[in-house]
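Biologist: I have the sequence and the structure open. Can we go through some charged residues one at a time?

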Amino acid sequence: MNEPPDLRPPSALTHYGSRTLVLLMMIAVGVFFGGSLYAVRSEEVAQSPKPLPVSVVKVHEQDSFVATHKYAGRIAAGQVSDLGFQLSGEVVELLVNEGSQVKAGAALARLDTQRAEENLNQLRAQRNEAESTLQQAESSLRRVQDLIGKGFANQQDLDDRRAQRDGLRARIVAIDSNIRVAERDLEDSTLFAPFAGQILQRFVDQGSVVQAGQPVLRLNQSGALEARIGVPVNARKRVSEGEKFRLTAGGLEAEGTVTALVSDVNTGTRTLTAILRIENDPGFVPSDLVRLELDEVQRQTGIWVPAHALNEGLRGLWSVYVAVPVDDSNGGQAKEAPADSVHELVRKDVEVLAVQSRQIYVRGTLEDGDLVVADSTMRFVPGQRVEVVNRSTLSDAQVPDTVAPDASSPEAAIQ
């Protein structure tokens, strides 16, 4: 049976063939570009960088920590004395200068002694005169006693001679007393060091006329140093007499023993003054700033992390990166993995509670057993793949010592 003839005009047949041709061309182009995209993607995957190697610290939660507080004070000598003469006079000689080291009993300065010497000579002459007169009075008394025995003198004459003798004896006692005072004044014309130490200041110059008690030199006792430090009133029970504490000043360290705690509260600072005797002085200098370290247990749950593990966040918060082990063959689900396996970084926000040396006590979304990245966190982003090459605990984590904290560091921000 013959097929019915195609009654469509020739133009319709041509349009149908054109549509088929366009469709075939589109399919061919899609296959071409799809293959090219697959090849490019395969090449990118093949050339993707390896995960960065990182060191992590396994952290643990605890319910308290020991906070170390530092309180400032000054180093002082055991004794600081302003030395002066006990009498007035002109300073004719200064034997020391500021900074001089002196021994106990050393002569430091002298007054003009001319008047003191003249007074002493005068008193000694008066005594010699009184001694001669006394000898005459005693001889006269003996003669009167002989005459009374012979009946040539009466009792009144005897009493007069005795009174004269006793008066001269009393005068000699008074003169001797004045001589001792004059000799002592002559000795006091020289200023001696009451203890070994260093001359801190000289208040007068040679030729100055000073009054009794006027400061001439300031002497700082050597060898015996003490620290005077203001501590809070609530630390009264912990800073008690006999307790020992660590003291630091100018890079030097020493142990201090509390010898006294002044009970009067400083109205300006609301502190008590603790006086500590410095044991085994390493070379502290009086008037230098000294700090006392006082440990206190804080009952707060948190986790210690390395200081360099923190990143500055928003609204006063900080964050750390935690390495979570993943297995690509298991749909990217976390699982236990060896130390050298690929991990994924997760950013967790934390709040800083305390800063001590190279570690910081925080609380927040961190959990016990998390692997915190201890390296510099500025080069990481959440979701980044890394390779854990070193795993440790905080006690042996290799945290850099040579990086000085700057204004953007956690330590600086918290301080």
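Biologist: Is Arg143 buried or exposed?

Modeller: Keep in mind that this is a predicted model. The cut-off for exposed is over 50% relative accessible area. Arg143 has 52% relative accessibility, so Arg143 counts as exposed.

Biologist: Which helix holds Arg143, and how far is its C-alpha atom from that of Leu158?

Modeller: Arg143 sits in helix α2, residues 114-150. Leu158 is 15 residues away from Arg143 along the chain. The separation of their C-alpha atoms is 9.3 Å.

Biologist: Which residues does Arg162 contact, leaving aside neighbours within four places in sequence?

Modeller: Val144 is 18 residues from Arg162 along the chain, with 9.9 Å between the C-alpha atoms. Contact itself needs heavy atoms within 4.5 Å. With those sequence neighbours set aside, the contacts of Arg162 are Leu141 and Gln145.

Biologist: Where does Glu367 lie, and what is its relative accessible area?

Modeller: Glu367 is in the loop between β22 (359-364) and β23 (371-373). Glu367 is partly exposed, with a relative accessible area of 49%.

Biologist: Which residues form the negative surface patch?

Modeller: Patch members need over 30% relative accessible area and no salt bridge. Glu367, at 49%, is one of the members.

Definitions and conventions
Residues numbered from 1 in each chain as written. Predicted model: local features only at pLDDT ≥ 70, side-chain atom pairs only at ≥ 80, totals over all residues. Heavy atoms only, no water. Patch = residues over 30% accessible without salt bridge, like charges linked within 9 Å, V, L, I, M, F, W, Y side chains within 5 Å. Areas by Shrake-Rupley, 256 points an atom, 1.4 Å probe, with all protein chains shown as cover. Salt bridge = Lys/Arg side-chain N within 4 Å of Asp/Glu carboxyl O. Lys, Arg positive; Asp, Glu negative; His and termini not counted. Charge placed at Lys NZ, Arg CZ, Asp CG, Glu CD. Helix = DSSP H or I, 4+ residues; strand = E, 2+ residues; numbered from the N terminus. Buried < 20%, exposed > 50% of the residue type's maximum accessible area, 1.4 Å probe, protein only.
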